[in-house]
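Hello,

Here is the structure I promised to pass on. Please open it first, then read my notes below.

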Amino acid sequence: MPVSLYKANEIEKEIASKWKRENTYEKVKKASEGKKPFFFMDGPPYATASIHLGTAWNKIIKDAYIRFWRMQGFNVWDQPGFDTHGTPIELQVEKSLGFSSKKDIEKYGTEKFIKKCRAYATKYIGVMSKQFEDLGVWMDWKKPYLTLDNHYIEGAWFTFKQAFENGYLYKGSYPVHVCTRCETVVAYNEIEHKTVTEKSVFVKFPVRGKENEYLVIWTTTPWTLPANTGVMVHPDFDYAYVKIDMTGETLIVAKELADNLMTEVVETGNYKITKSVKGKELEGVKYDHPLKDLVPALQGMERGHRVVTSSRFVNLDAGTGLVHTAPGHGSEDWQVGRQEGLPVISPVHLDGTFTEDAGEWLKGRYTKDTDPMIIEKLSERNVLVGTQETAHEYPMCWRCGTPLLSLTSPSGSSR
Ligand SMILES: [Zn+2]
């Protein structure tokens, strides 16, 4: 047929009604009964809205695939499914009720809220099934599996129990990205990054047992300083001992970044490099955390507050070549911390506020809001080298746009 005569709309309608009239789908299924089985369980889309091009494309490919096996004479189990659980549905319902935090759900009544979510998801199961059927997808639309069905939930727990009984489960701790608005962990592939400009700080950590000698670290997240338990250096980089004439202080920084730090941050030209060592020679150097007396979580730490080496996570792109390490607030920090035996602390609740382990001055405050308080305290104690406005990539919740925090669940004990 010439292309100009091909009328997709009409042909689709005609074929759909022919399939319906002649029960073609049912006949095909019947004809393959007793034959070799082929199992297809659909990966379920979220029942949150009408289908979009992505979901349509996905189903069309699957439809072609299972048709192929049918034509090969297989008895195809073709069950679609719908994901009806979790944050995407909750968020839609929260929006419709005008909620601003998860606490609003408790005020509204959890049971009532769950019913609303169930009704919302159920409505879209109907809408989406109809749309997939209209696309001509041959799946068993009368019998989808739903993640809200008790037998499905029991199946999930049964599987989990098997893993437990076979000893495949253990309780650990690992920093994960948390949305403090949704009060939930956000999966790695769900994270969106946005460039934000924030105040970064250069901080002096006094070297233990030395007069006027400091390790200088740099961080774009001052609120993570109360969880600092180490400093990373690169074993092969050169580190300079820079003596400032006016104060008599010696700052330890990567040699390549020393001039920049002095002119741009300290703003002095009167200094000299008195000695230079390789990073590995700094390994094991101990320092006193300048906020230790204010933060209970930092106290009584035997293996913390020392220099460790990493050739993977230290670079000279920015900062000082000495990396502030808070193993409770970042996966790179965690990896190195675990390897080097640094303590992991994360004195922060899931809603982003500090716990009492961060001390009375921070307790109950939202972490990111305390940056100015922390900077002021560092300045008061004469350990603030300087600040700089820095544009950097920050992870955001794709659902609600809240900046994500990297936190370690305090309930887990590490193995
Ligand atoms: Zn969120």
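Which residues of H6 are buried? They are Lys116, Cys117, Ala121, Tyr124, Met128 and Phe132. A residue is buried if 20 or more other C-beta atoms lie within 10 Å of its own, exposed if 12 or fewer, and partly exposed in between, with C-beta atoms placed from the backbone.

Two points before you go on. This is a predicted model: local features need pLDDT of at least 70, side-chain atom pairs count only at pLDDT 80 or more, and totals for chains, interfaces and linings use all residues. Residues are numbered from 1 along each chain as its sequence is written.

Helix H6 covers residues 110-134. Helices (H or I, at least four residues) and strands (E, at least two) are DSSP runs, numbered from the N terminus. H6 has 25 residues and reaches 36 Å from its first C-alpha to its last. That is close to the 36 Å expected at 1.5 Å a residue. The expected span is 1.5 Å times one less than the number of residues in the helix. The buried residues of H6 pack against helix H3 (53-71) and helix H4 (87-97). Contact here has a cut-off: two residues touch if their C-beta atoms, placed from the backbone, lie within 7 Å. Just after H6, glycine 136 takes a positive phi of about 90°.

Now take H1. Its 14 residues should span 20 Å at 1.5 Å a residue, and its end C-alpha atoms are 20 Å apart, which agrees. The number of buried residues in H1 is zero, so the helix lies largely in the open.

**Two positive phi values**

Most residues other than glycine have a negative phi. Asparagine 23 has a positive phi of about 50°, although it is not a glycine. You will find asparagine 23 in the loop between helix H1 (8-21) and helix H2 (24-31). Asparagine 23 counts as exposed, because it has 11 C-beta neighbours inside 10 Å.

Histidine 305 also has a positive phi, near 55°. Histidine 305 lies in the loop between helix H9 (279-282) and strand E13 (306-309). Is histidine 305 buried or exposed? Histidine 305 is buried, because 21 other C-beta atoms lie within 10 Å.

**A sheet to look at**

Three strands form an open sheet in the order E6-E5-E16, and the pairing is antiparallel. Two strands pair if DSSP finds at least two bridges between them. The edge strands are E6 (184-185) and E16 (405-408), and each pairs on one side only. Strand E5 (residues 175-179) pairs with E16 over four bridges. Valine 176 stands opposite leucine 407 in E16.

**The whole protein**

The protein has eleven helices and 16 strands. Its radius of gyration is 29 Å, well over the 22 Å that the globule rule gives for 415 residues, so the protein is more spread out than a compact globule. This radius is taken over C-alpha atoms, and the globule rule is 2.2 Å times the number of residues to the power 0.38. The C-alpha atoms fill a box of roughly 95 × 55 × 45 Å along the principal axes.

The domain assignment gives domain 1 (32-165) and domain 2 (192-408). Such bounds come from an automatic or database domain assignment. The C-alpha centres of the two domains lie 46 Å apart.

Of the 415 residues, 31% count as buried. Among contacts between residues at least 6 apart in sequence, 74% join residues at least 24 apart.

Best wishes
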